[in-house]
Amino acid sequence: MKEKNQVNVIIPVHELNTITEELFKKSLQSVETQQVKPDKCLIVHTPKVKTKIEEVLKELKFDNNEFYQLIENNTDKTDFCSQINLGVEKSDSEYFSILELDDEYSKIFFKNVKEHITAYPEITVFLPIIVEV
């Protein structure tokens, strides 16, 4: 079993089409392959994409309801910031990380986060270097 971290991942999803669905799968796989796994992956979504997200999780065999949690945003505010705010509100870990559905984590991201939290417990923000390809 992989070691866990005190961080939740928040992925806001307001739309899935053929292009964004493939990107979403890659982002989920990047969470799944971590050396040190986060506590939970909170997928904040609108009602219109819930079924598609469930299909993606099933296809990838990521149906672990304790780790992947779907949070439905039933309000009329479904913009990026509102999705993030709802995810933060529902997060029960001390820290959280926002993963856009078209981004990926390196395999050692949460290992580095854990080491940073251990080394610098007084610091509450960890800003990683982004690699664009």
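**Exercise 1.** Which residues does F24 touch, not counting residues up to four places away in sequence?

*Solution.* The model is predicted: local features need pLDDT of at least 70, side-chain atom pairs count only at pLDDT 80 or more, and totals for chains, interfaces and linings use all residues. Residues are numbered from 1 along each chain as its sequence is written, and side-chain values use heavy atoms, with hydrogens and water left out.

Step 1. Apply the contact cut-off, heavy atoms within 4.5 Å.
Step 2. With residues up to four places away in sequence set aside, F24 touches I11, V13, L16, I43, I53, V56 and L101.

**Exercise 2.** Find the largest nonpolar core and the elements that give two or more residues to this core.

*Solution.* Step 1. A nonpolar core is a set of buried Ala, Val, Leu, Ile, Met, Phe, Trp, Tyr and Cys residues joined through side-chain atoms within 4.5 Å; buried means under 20% relative accessible area, exposed over 50%, and partly exposed in between (1.4 Å probe, protein chains only).
Step 2. The largest such core has 26 residues, and those with the most contacts inside it are I11, V13, F24, L28, I43 and Y68.
Step 3. Two or more residues each come from β2 (7–13), α1 (18–32), β4, α2 and α4 (109–119). Helices (H or I, at least four residues) and strands (E, at least two) are DSSP runs, numbered from the N terminus.
Step 4. A second, separate core has 6 residues, including I10, L42, I71 and L86.

**Exercise 3.** Locate T46 and decide: is T46 buried or exposed?

*Solution.* Step 1. T46 sits in the loop between β4 (40–45) and α2 (50–59).
Step 2. T46 counts as buried because its relative accessibility is 5%.
Step 3. Leaving aside neighbours within four places in sequence, T46 is in contact with V13, H14, N73, T78 and Q83.

**Exercise 4.** Describe the protein chain as a whole, starting with its elements.

*Solution.* Step 1. The chain has 4 helices and 6 strands, which run β-β-α-β-β-α-β-α-β-α from the N terminus on.
Step 2. The radius of gyration, taken over C-alpha atoms, is compared with a globule rule of 2.2 Å times the number of residues to the power 0.38. For 133 residues a compact globule would have a value near 14 Å, and the chain agrees because it has 14 Å.
Step 3. The C-alpha trace spans about 40 × 30 × 30 Å along its principal axes.
Step 4. Buried residues make up 41% of the 133 residues.
Step 5. Among contacts between residues at least 6 apart in sequence, 80% join residues at least 24 apart.
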